[in-house]
Amino acid sequence: MDYSFPRYLLSKQTVDDRALNKDVVNALRVRLKPEPVSVIEVGAGIGTMLKRLVEWNILCSGEYVLVDEQDENIGYARKWIPQWATESGLSVERIERDQLRICDPTRDIRIRFECADVFNFIQRNETPAKVLIAHAFLDLLPMPESLNGLLSLTNGLAWLTINFDGMSTLQPVLDRELDETIERLYHTSMDARSTGGDSLTGRRLFEHLRSVNAEVLAAGASDWVVYPNNGAYPADEKYFLQYILHFFESALQECNELDAGTLGRWLMKRQEQIECGELVYIAHQIDFLVKANVGG
């Protein structure tokens, strides 16, 4: 099967739409004034969060900077955002290769693409934004040492979403003992990444944020819950599930505690459950809205 990370990011839009904690979203909404808002999003992928904020009428005017280190993601975003905006009735003006303007009578947003490692971007960024967004990203970074740098990108709010918190499960059960072993080893692999990361980032962020003098304004669960309806998955969520299995395979294929044949058979059975419209996937995560540098 051909695995495309940009398509995975597209496929999880509807999953994230359901998952994002609505109380935290509303807390963000009420704190943003009607005037233009500057936003920096790190680990921005292909721009689906920008699309979401525009469609949810949370961001109507201002500047949006998308930062992502993967050329593939930024390249895709350069093409996909204008396409989405045009299909949504927005005018699109290409200012430069890495700058766009999208607008209509009620919205006017300037967009800038930054293909950069987040820590390199932090070092050269001169102007903090009103809002920092890190979506499904903090659990990939070393914590808490990354927080001071990240929060330097905002002089106000940080919306930190889909932070994994140590629970993922696939149903129906195949072999309870094997299922639990695979899930445990998958989570352990998150803690062993050379680039950092933590399978319990969600719950630990409360303490990490307190340690850098940041105030939690709102927090709540943002669980992924993907399930079939009458044997079919909505939108492109079948592909989302297939990519989740790809994550399992990539993380565990060289695991010394798991026989390769056993893993292969388990993955094949899970793939069959997807094809039959039977597989249910649940992952526990936590969202935060934070006021940065309290008292600073």
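Me: Which residues in α8 meet which residues in α10?

Reply: This is a predicted model, so what follows describes computed coordinates. Helix α8 spans residues 176-191 and helix α10 spans residues 237-252, with their axes 10 Å apart. From α8 come Ile182, Leu185, Tyr186 and Ser189, and these meet Phe247, Phe248, Ala251 and Leu252 in α10.

Me: By class, how many residues in the contact of α8 with α10 are nonpolar, how many polar and how many charged?

Reply: The residues taking part include Leu185 and Tyr186 on the α8 side and Phe247 and Phe248 on the α10 side. Sorted by class, this contact of α8 with α10 has no charged residues, one polar residue and seven nonpolar ones.

Me: Why do α8 and α10 count as roughly perpendicular to each other?

Reply: Angles from 65 to 115 degrees count as roughly perpendicular. The two helices are therefore placed in that class, and the angle at which α8 and α10 pack is about 75 degrees.

Me: At what angle do α8 and α11 pack, and which residues make the contact?

Reply: Helix α11 covers residues 260-275, and it packs with α8 at an angle of about 100 degrees, the axes being 12 Å apart. That angle makes α8 roughly perpendicular to α11. On the α8 side the contact is made by Leu178, Asp179 and Ile182, and on the α11 side by Thr262, Leu263, Trp266 and Arg270.

Me: By class, what does the contact of α8 with α11 have?

Reply: Among the residues making this contact are Asp179 of α8 and Arg270 of α11. Taken by class, the contact of α8 with α11 has two charged residues, one polar residue and four nonpolar residues.

Me: Which residues have the most contacts inside the largest nonpolar core, and what gives the most to this core?

Reply: The largest nonpolar core has 68 residues, and those with the most contacts inside it are Tyr64, Ile81, Trp159 and Trp224. Trp224, leaving aside neighbours within four places in sequence, is in contact with residues including Tyr8, Val15, Ile162, Phe240 and Ile244. The element that gives the most to this core, with eight residues, is α10.

Me: Is Ser222 buried or exposed, and what does its side chain join in a polar contact?

Reply: Ser222 lies in the loop between β8 (215-221) and β9 (224-226). Its relative accessibility is 0%, which means that Ser222 counts as buried. Beyond residues up to four places away in sequence, Ser222 touches Ala19, Leu20, Asn21, Ile162, Gln285, Ile286 and Asp287. The polar contact between side chains, at 2.7 Å, joins Ser222 to Asp287.

Me: Where is Pro172 found, and what is omega for the peptide bond that joins Gln171 and Pro172?

Reply: Most peptide bonds are trans. Pro172 is found in the loop between β7 (154-171) and α8, and the bond joining Gln171 and Pro172 is cis, with omega about 0 degrees.

Me: Does Asn230 count as buried or exposed, and what is its phi?

Reply: Asn230 is found in the loop between β9 and α10. Because its relative accessibility is 78%, Asn230 counts as exposed. Most residues other than glycine have a negative phi. The phi of Asn230, by contrast, is positive, near 55 degrees.

Methods
Residues numbered from 1 in each chain as written. Predicted model: local features only at pLDDT ≥ 70, side-chain atom pairs only at ≥ 80, totals over all residues. Heavy atoms only, no water. Axes fitted to C-alpha atoms, helices over the stretch in contact; angles between N-to-C directions. Helix = DSSP H or I, 4+ residues; strand = E, 2+ residues; numbered from the N terminus. Parallel < 35°, antiparallel > 145°, perpendicular 65-115°, else oblique. Contact = heavy atoms within 4.5 Å. Nonpolar A, V, L, I, M, F, W, Y, C, P; charged D, E, K, R; others polar. Core = buried A, V, L, I, M, F, W, Y, C linked by side-chain atoms within 4.5 Å. Buried < 20%, exposed > 50% of the residue type's maximum accessible area, 1.4 Å probe, protein only. Polar contact = N/O pair within 3.5 Å; in protein donor to acceptor, adjacent residues only side chain to side chain.
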